[in-house]
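This report describes one protein chain for a reader who is new to structures. Please look at the model first, then read the sections in order.

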Amino acid sequence: MISDRNTVRYNVSIDDRNTTAPYGVISVVCAPATRTLVHHNTVTTNAPDTAVVSSNGPGGVTFRDDVFAGAAAGSPLADARNTYDHNLNLYDHNLYARISPVPATDAGAVR
């Protein structure tokens, strides 16, 4: 079932982890999430094997003005479905600390 027009904002997730692939601290899964906006959240993990964002669903989520901070050794952003659609700016003006890869489409990324 399609999830439409959701907003996730003003949340703080500190040192969360999910080491069961393909899930991460934030997991975009299942059916399309159209016009979904995730903004002004802070997400950190202290587990280098945990992705801060993970997607195995169809995508359609925009991440804007969020803070993503990985473990000291670095953490992945495993979201190929939302990060590399060059027609949409699905990652926009986020701050990335110890995260790899930083989405190439986030022209306003702060590292």
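## Two residues with positive phi

Arg5 lies in the loop between β1 (3–4) and β2 (7–9). Strands such as these (E, at least two residues) and helices (H or I, at least four residues) are DSSP runs, numbered from the N terminus. Although Arg5 is not a glycine, its phi is positive, about 60 degrees. Arg5 is exposed, with a relative accessible area of 58%. Here buried means under 20% relative accessible area, exposed over 50%, and partly exposed in between, with a 1.4 Å probe and protein chains only.

His93 is found in the loop between β12 and β13. The phi of His93 is also positive, near 55 degrees, in a residue other than glycine. His93 counts as partly exposed, at 46% relative accessibility. Most residues other than glycine have a negative phi, and most peptide bonds are trans.

## Source and confidence

This is a predicted model, in which local features need pLDDT of at least 70 and side-chain atom pairs count only at pLDDT 80 or more, while totals for chains, interfaces and linings use all residues. Residues are numbered from 1 along each chain as its sequence is written, and side-chain values use heavy atoms, with hydrogens and water left out.

The average pLDDT of the protein chain is 86, and 93% of the residues score at least 70; pLDDT is the predictor's confidence in each residue, from 0 to 100. Confidence is lowest in helix α1 (residues 80–83), with a mean of 67, and highest in strand β13 (residues 95–97), at 98. Where pLDDT is low, the predicted coordinates should not be read in detail.

## Strand pairing

Which order do the strands of the open four-stranded sheet have? The order is β3-β7-β10-β13, with parallel pairing. β3 and β13 stand at the edges with a single partner strand each, so one side of each has no neighbour in the sheet. Two strands pair if DSSP finds at least two bridges between them. Strand β10 (residues 67–69) pairs with β13 in the parallel sense over three bridges, and the bridge partner of Phe68 in β13 is Tyr96.

β6 and β9 run parallel and are joined by four bridges. His39 stands opposite Arg64 in β9. β9 is also joined to strand β12 (residues 91–92) by two bridges, again running parallel, and Phe63 stands opposite Tyr91 in β12.

## The largest pocket

The largest pocket holds about 190 Å³ of space. On a 1 Å grid over the protein atoms alone, a pocket is an open set of points where a 1.4 Å probe fits, with protein on both sides within 12 Å along at least five of seven lines; lining residues have an atom within 4 Å of a point. Grid points are joined across faces, edges and corners, and the volume is the space filled by probe spheres set on the points.

Of the 14 lining residues, Ser27, Val28, Ala33, Thr36 and Val61 are the closest to the centre. β4 (26–28), β6 (36–39) and β9 (61–64) each supply at least two residues of the lining, and β4 gives the largest share, three residues.

## A buried glycine and a cis bond

Gly24 lies in the loop between β3 (12–13) and β4. Gly24 counts as buried, at 5% relative accessibility. The C-alpha atoms of Gly24 and Val53 are separated by 5.4 Å, although these residues are 29 residues apart along the chain.

Ser100 and Pro101 are joined by a cis peptide bond, with omega about 0 degrees. Pro101 is in the segment after β14 (99–100).
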